[in-house]
Amino acid sequence: MIYVGKRIAVIGGGIAGLAATVRLQQRAPADTEIILYERDAALGGKLRTGELAGLAVEQGAESFLFSAPDGAESAAVSLTRRLGLGDDLVHPAPRPAALAIGGRLTPIPPGTMFGIPGDLATLDGTASPEADADRDTGRPLLAPGEDITVGELVRARYGDQVVDRLVDPMLGGVYAGRADRLSLRVTMPQLARTAEAEHTLRDAVRAAQAQSKRTPGRPVFAAVRGGMSRLVAAAASASDARICLGQPVRELTRTPKGWRLTFGPAPAPQTDDVDAVILAVPAKPAARLLAEAAPETAQAVGALQYASVALMAMALPPGTALPDLSGFLVPPGEGTLVKAATFFTRKWPHLTDPDGPVIVRASLGHAGEEQRLQHDDETLFLQTHAELCELVGVKLPAPAEFWLRRWGGALPQYAPGHGDRILQVRAGLPPGLALAGAAFDGVGIPACVVSGERAAGDVCKHLDGA
């Protein structure tokens, strides 16, 4: 049956929800009405471009992977091209990044996978692996389907220093989390698969790297000239959805023909009836909306934990001297609030101007450190500026401007078994309801795009058969 005159609600206007609306517009019949509900006053979620000293500087996600694991262009690049922004893709300069260890900036060893080396000789004193720990015991590192934390595997095979100095800062830069709490299968699925066959971590890393289909000369990362908010605007326009901003959806209930949404201000709620729903919101609001329709599923979804972070950007005077790097990562053991910094105008050549400001963007806070972010903007600025001076090794001048963007509960923390739990969650969803976003399918713009597009396909299949 080909459905006609149906209405589909997408709850959540981040990149996963936007990708879902674009795919629905392409996949669904022309008379399908798509309604996008977003509780904030603007779309984009964690894609948010700010302005600093006349330049577009990201207040959220800075870039996305250019390639997918299979070697094709990533879903984010594909979406960007379909939205007519392919000619505006830009790439970072080929400058190395460093680790801030013991008061000096040390180059990140080459050829690692999230800091895990396939050749211990490349560490060159950055970390001292545990002697003879990675020996062949005659069996694979992991049983089929087994999931453990990254830290459990790497500490057992390479020792504490490799985790503390290399893996933790790499994972912290992406997830704001710690290796001892993050799922190996979610954060490094290729390594988890090769660990089911290989007997040493060295061989598992090498096998995973060999399976990675990288095109020589192809950039690793990409962004959109003018900022990620251009991608958001283009997706919203292409979706042809009816967009309802500042309209939090408060309840979701089953009806004989589909779903009823209760939304808007609590004192004056409104309702809307639709045939299918895509929930593209974080775990806690998703659990609240699922509480009536699927209580057991709601409990599983609501158990996912998050880390809070903050981003600070500073506009330093033209000509400010910085190390010849794209930026650096800071191991949690260093004790700083700053966990990473990007030399923004040096990293992105299209923003480099010898007569223009020097932009440094710092990422603040790890999982479990939320209390360290509970200070006013000026206090956090003073601490961040002082730490950057110490970490870079020079006295940085006072910035002409700065801004601070707080992201409370922004980054999911995937415990071992997350993948299996999400499979069970999706299996328990009522018909006509789909989930999308980082809470379920991984962080990063490409993962969220894939998630949103998958959810759109799921509800279309449901309506095709209704």
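Biologist: Which residues touch the most other members of the largest nonpolar core?

Modeller: This is a predicted model, in which local features need pLDDT of at least 70 and side-chain atom pairs count only at pLDDT 80 or more, whereas totals for chains, interfaces and linings use all residues. Residues are numbered from 1 along each chain as its sequence is written, and side-chain values use heavy atoms, with hydrogens and water left out. A nonpolar core is a set of buried Ala, Val, Leu, Ile, Met, Phe, Trp, Tyr and Cys residues joined through side-chain atoms within 4.5 Å, where buried means under 20% relative accessible area, exposed over 50%, and partly exposed in between (1.4 Å probe, protein chains only). Among the 129 residues of the largest such core, those touching the most other members are Ile116, Leu261, Val277 and Ile278.

Biologist: Which helix gives the most to this core?

Modeller: Helices (H or I, at least four residues) and strands (E, at least two) are DSSP runs, numbered from the N terminus. With eight residues in the core, the helix that spans residues 445–465 and gives the most is α15.

Biologist: Is Thr194 buried or exposed?

Modeller: Thr194 belongs to helix α6, residues 189–195, and, beyond its neighbours within four places in sequence, is in contact (heavy atoms within 4.5 Å) with Ala204, Ala207, Ala208 and Gln211. Because its relative accessible area is 4%, Thr194 counts as buried.

Biologist: What distance separates the side chains of Asp147 and Ser183 in their polar contact?

Modeller: Asp147 sits in the loop between β10 (116–117) and α3 (150–158), and it counts as buried because its relative accessibility is 18%. A polar contact is a pair of N or O atoms within 3.5 Å; within protein, one must be able to donate a hydrogen and the other to accept it, and residues adjacent in sequence count only if both atoms are side-chain atoms. The side chain of Asp147 reaches the backbone nitrogen of Leu184 at 3.4 Å, while its polar contact with the side chain of Ser183 has a distance of 2.7 Å.

Biologist: How far apart in space are Ala398 and His385, C-alpha to C-alpha?

Modeller: Ala398 lies in the loop between α12 (377–392) and β21 (401–413), and it is exposed because its relative accessible area is 58%. Ala398 and His385 are 13 residues apart in sequence, and their C-alpha separation is 8.2 Å.
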